[in-house]
Amino acid sequence: MKNYPEHIRKVQRDFDIPDEDVIEVKIGEEEVRVCDYCNTVLIDEKGTAVQTAYLTDYGLICGGCIGTTKQNIAYLEGDSVFHERWYQEGIDRD
Ligand SMILES: [Zn+2]
């Protein structure tokens with residue numbers, strides 16, 4: 001059993017996805033974060049929001065894609081997400 005974080009476990013439960021079908025994407029320390037739906041840049045390479053970004057159970061989503069998806073946290077332009085757990089967990093340090 002792999003040690004996936006809780007937000008991935010939730011998506012697995014909601015959509016009945018087995019471990020072998022999970023594709024975990026980690027990115028480099030100085031890379032930007034994009035909307036999981038449309039790839040718009042939301043977080044710059046320093047971990048600062050460049051536009052409103054919503055953290056949801058299904059990933060990081062921009063204002064154009066959020067629709068009725070439940071948001072857990074909204075980050076406004078200029079907010080730092082650098083110390084957020086999801087941000088740190090997404091960095092590939094291998
Ligand atoms: Zn989007």
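These legends describe close-up views of a predicted model. Local features need pLDDT of at least 70, side-chain atom pairs count only at pLDDT 80 or more, and totals for chains, interfaces and linings use all residues. Residues are numbered from 1 along each chain as its sequence is written.

**View 1. The open sheet β4-β3-β5.** 3 strands form this open sheet, and their pairing is antiparallel. β4 (59-62) and β5 (71-75) stand at the edges. Each has a single partner strand, so one side of each is left without a neighbour in the sheet. Neighbouring strands are turned by 30° against each other on average, direction ignored. Axes here are lines fitted to C-alpha atoms, for helices over the stretch in contact; angles run from 0 to 180 degrees between N-to-C directions. Strands (E, at least two residues) and helices (H or I, at least four) are DSSP runs, numbered from the N terminus. Two strands pair if DSSP finds at least two bridges between them.

**View 2. The pairing of β3 with β5.** Strand β3 covers residues 53-56. Over 4 bridges, β3 pairs with β5 in the antiparallel sense. A53 has Y75 of β5 as its bridge partner. Strands of a sheet pair through backbone hydrogen bonds.

**View 3. S80 in the loop between β5 and α2.** The loop between these two elements holds S80. S80 is partly exposed, because 13 other C-beta atoms lie within 10 Å. By this count, 20 or more is buried, 12 or fewer is exposed, and partly exposed lies in between; C-beta atoms are placed from the backbone. S80 is in contact with G47 and T48, leaving aside neighbours within four places in sequence. Contact requires C-beta atoms, placed from the backbone, to lie within 7 Å. S80 and L55 are 25 residues apart along the chain, with 13 Å between their C-alpha atoms.

**View 4. D92 beside I27.** D92 lies in the segment after α2 (85-89). In sequence, D92 and I27 are 65 residues apart; in space, C-alpha to C-alpha, they are 5.4 Å apart. D92 touches K26, I27 and G28, not counting residues up to four places away in sequence. D92 is exposed, with 11 other C-beta atoms within 10 Å.

View 5. Most residues other than glycine have a negative phi. D16, in the loop between α1 (6-15) and β1 (33-34), has phi near 55°. D16 counts as exposed, with 7 C-beta neighbours inside 10 Å. N39 lies in the loop between β1 and β2 (41-43), and its phi is near 70°. N39 is exposed, with 9 other C-beta atoms within 10 Å.

Technical notes:
Contact = placed C-beta atoms within 7 Å.
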